[in-house]
Amino acid sequence: GKLDETEMMMMKYDKNGDGTLDMREVHKIVRDLLVQQKELENERKTILNMKKLIICLVVFAKILTLAMLGVSFAAAVIAKDTRADSVTSSLNDKNTNKAL
């Protein structure tokens, strides 16, 4: 008949084809499962590290955005209260006309 996935996997490990698994064949199954478990754990750690990295990058991007917003506001305030003198190449206060 048709073999299911488990039976096909068992046939893979039944090296001598006698339909039973001896100690060496069981040992190979356990060893392969341990290797797979270690690989999965390494993948989980990698995914966790990537999640942490993405969170850090998002926070950093938000901080940079807020910093740029602050610089924009500061530039607007300075531009509102000052003007450039083309003759002396200085920045003057609009109210007092004194060089800053």
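Start by selecting Leu3, Met8 and Met11: together they make a nonpolar surface patch of about 300 Å². A patch here is built from residues with over 30% relative accessible area and no salt bridge; like charges are joined within 9 Å, and nonpolar side chains (Val, Leu, Ile, Met, Phe, Trp, Tyr) within 5 Å. The accessible areas come from the Shrake-Rupley method with a 1.4 Å probe, and for residues only the protein chains shown count as cover. While you're here, colour helix 1 (residues 5-13), where Met8 lies. Helices (H or I, at least four residues) and strands (E, at least two) are DSSP runs, numbered from the N terminus.

Before moving on, a word on what you're looking at. This is a predicted model with residues numbered from 1 along each chain as its sequence is written, and local features need pLDDT of at least 70, while side-chain atom pairs count only at pLDDT 80 or more. Totals for chains, interfaces and linings use all residues, and side-chain values use heavy atoms, with hydrogens and water left out.

Now colour by pLDDT, the predictor's confidence in each residue, from 0 to 100. The protein chain averages 91, and 99% of the residues score at least 70.

Next up: salt bridges, meaning a side-chain nitrogen of Lys or Arg within 4 Å of a carboxyl oxygen of Asp or Glu. Side chains of opposite charge can pair when their charged atoms come close. How many salt bridges does a search of the whole structure find? There are three, so let's visit them.

**Stop one.** Select Asp22 and Arg24, whose side chains meet in a salt bridge at 3.7 Å, N to O. The cut-offs are under 20% for buried, over 50% for exposed and partly exposed in between (1.4 Å probe, protein chains only).

**Stop two.** Pick Lys28 and Asp32, a salt bridge of 3.1 Å, N to O. These two sit four residues apart in helix 2, so about one helical turn separates Lys28 from Asp32. Is Asp32 buried or exposed? Asp32 counts as buried, at 18% relative accessibility, while Lys28 is partly exposed at 31%.

**Stop three.** Glu41 and Arg44 are the next pair, with their closest N and O atoms 3.7 Å apart. Both belong to helix 2, three residues apart, which is about one turn of the helix. Glu41 is partly exposed at 35%, and Arg44 is exposed at 52%.

Select Ser89, in the loop between strand 1 and strand 2 (90-93). What is the phi of Ser89 near? Phi is near 55°, a positive value in a residue other than glycine. Ser89 is also exposed, at 66% relative accessible area. Then click Asn97, in the segment after strand 2. Asn97 isn't a glycine either, yet has a positive phi of about 60°, and is partly exposed at 42%.

Last stop: Asn95, also in the segment after strand 2 and exposed at 73% relative accessibility. Draw a distance line from Asn95 to Val35. They are 60 residues apart in sequence and 76 Å apart in space, C-alpha to C-alpha.
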